[in-house]
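Work through the exercises below with the sequence and the structure open. Each task is followed by a solution in steps.

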Amino acid sequence: MTTIQQNFDFIVVGAGSAGCVVAARLSEDSRVRVLLLEGGGQDDHPDVKDPTKWPTLFYGAMDWGWKTAPLRSCFNRIDHLPRGKMLGGCHSHNANAWVRGHHTDFDNWAYSGCPGWSWNDVLPVFKKIEDWHGPASELRGTGGPIYVSPPVDPNPLAASFIEAGCSVGLPVLEDINGPEMLGVGYFNFTVKDGKRFSVADGYLRPALQRPNLTVLTFAETDRLLMDGNRCTGVEYRQNGQVFQAHASSEVILSAGVIGTPRILLLSGIGPEVDLKSHGIPVVANLKGVGRNLQDHPLLAGLLYECSGPLPPPHNNGAESTLWWKSDSQLIGPDIQPVFIEFAFATPELASRVPHHRCYTISPSVVRPQSRGTVKLASANPELAPIIDVNYLACDADVKAMLAAVELCREMGASDAFKEYRAREVMPGPLSRPDMITFIRNAVSTYFHPTSTCKMGHTPMCVVDHELKVHGIDGLRVADASIMPNVTSGNTNAPSIMIGEKAAEFVLKNR
Ligand SMILES: Cc1cc2nc3c(=O)[nH]c(=O)nc-3n(C[C@H](O)[C@H](O)[C@H](O)COP(=O)(O)OP(=O)(O)OC[C@H]3O[C@@H](n4cnc5c(N)ncnc54)[C@H](O)[C@@H]3O)c2cc1C
């Protein structure tokens, strides 16, 4: 074991969407020393920079490459759950869509016991983050660290999707992050001059020359160092060696929805029964660690064959989307189909697809009721955790997905796609039971897992509303794992917002 000699005031674990923000904001004060530890490497691969190439990163060195536990409600299929493993985390791997969420998402967080997180509280933070290059609006921010714009030169197929939505009666949104989210429109993007513009570009790189910020890559944190109930630092592996680093003020875990509960559990912070089953001494019996896993289930398999040559993907290859309610009584959207400009199908369905000629309309459910877990398989930090995403366990999610499929098929069959549509490849007009079977075979991730260390003040909550871990001093969590419930849109912008709020809380505390 080697101990790093110098001490830090703060240690941030994970240089992803939230962690880059926390490290950059804290190191603005030249008097504090900040260490940022990242398990992956640099983000300079050409496929990271090219916004159309995000699917090529799957299973590569820059993806943690997690596999799910068998999906109990989906014929025990095993799915891939990609997570970015490099500077920028998932923002270096993701599809660059920029969505803040519906105002009721955040108001629900506040109502559920998280003061300071209502829409009115988080809107100024979103504005502070943004450097918006679309139509001027008092709801949008300019001059912030993250470049955001409407798509440049969108694909004509993406335009057809919007026209199709309009033809079935959906409002067309000028800006999906504007005053209204129910309707169909183009995503906003974090793409600048044709290249990915991630949180590593907007926050971390400008901070790198600061002498008080140390960034270590390929440094995988295994566990926290504890002195009683106080967190005093971390233990990490780099180049096969084990190191310890000490934080005199705080450790902030930003290792993401899988990484953060994994480190807490390995450190003895989690459900006592699980810890004891792996022989891990219990530091705090926090029952909610790794529970409450939520993800947006997305169907990969609703495909159409193009009548002529398929137009190549523009921007991220998934430029248009919609939000709608599967039931008009709901107070916010619960389905968010997305148009994908190439064939996107689960391995179980892929053999039926003429890949190079297909486009996809992917229905998804964005207020899922099903809940999963992240648990340790062993006390050995080098072994993968057990990730039970549990898609479609609740009938309510199946019902919402059926409504989303119906809407997508209606749009796919509309005249808006007449010029492009040769035929619907899958699923076709199936009976309800057959359609449910199709759905269970086609469901996959929308890449938005959250909520495994949820914020609040009930016994299942892991952090309080200032992101401090309950019952532990000197330790906060700042990443998508703290969301009490997943937002009803893509989760990157909310994760960056969480990073900004965390930095505010830490600085206020000093
Ligand atoms: C393929 C894909 C497409 C997506 N598309 C979109 C999209 O278009 N729009 C959108 O809004 N959202 C999208 N998302 C989701 C979004 O990017 C994430 O929700 C968000 O980035 C999560 O941020 P985070 O800070 O919680 O975690 P992350 O960004 O995952 O950061 C966690 C960081 O911690 C590091 N880490 C983990 N464990 C350790 C450890 N033990 N030691 C040290 N470091 C560790 C990781 O390597 C990573 O850098 C997508 C995600 C993926 C994977």
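**Exercise 1.** Decide whether Glu235 is buried or exposed, and find the side chain with which its side chain makes a polar contact.

*Solution.* Step 1: Glu235 has a relative accessibility of 11% and therefore counts as buried (under 20% relative accessible area is buried, over 50% exposed, in between partly exposed; 1.4 Å probe, protein chains only). Step 2: Glu235 belongs to strand 15, residues 230-238 (strands, E, at least two residues, and helices, H or I, at least four, are DSSP runs numbered from the N terminus). Step 3: the partner is the side chain of Gln244, at 3.3 Å. A polar contact is a pair of N or O atoms within 3.5 Å; within protein, one must be able to donate a hydrogen and the other to accept it, and residues adjacent in sequence count only if both atoms are side-chain atoms.

The model is predicted: local features need pLDDT of at least 70, side-chain atom pairs count only at pLDDT 80 or more, and totals for chains, interfaces and linings use all residues. Residues are numbered from 1 along each chain as its sequence is written, and side-chain values use heavy atoms, with hydrogens and water left out.

**Exercise 2.** What is the volume of the largest pocket, and which residues lie nearest its centre?

*Solution.* Step 1: its volume is about 390 Å³, the space filled by probe spheres set on grid points joined across faces, edges and corners. A pocket is an open set of points, on a 1 Å grid over the protein atoms alone, where a 1.4 Å probe fits, with protein on both sides within 12 Å along at least five of seven lines; lining residues have an atom within 4 Å of a point. Step 2: of 20 lining residues, Phe58, Asp79, His80, Ala345 and Pro347 lie nearest the centre. Step 3: helix 9 (347-350) and strand 27 (443-445) give two or more residues to this lining.
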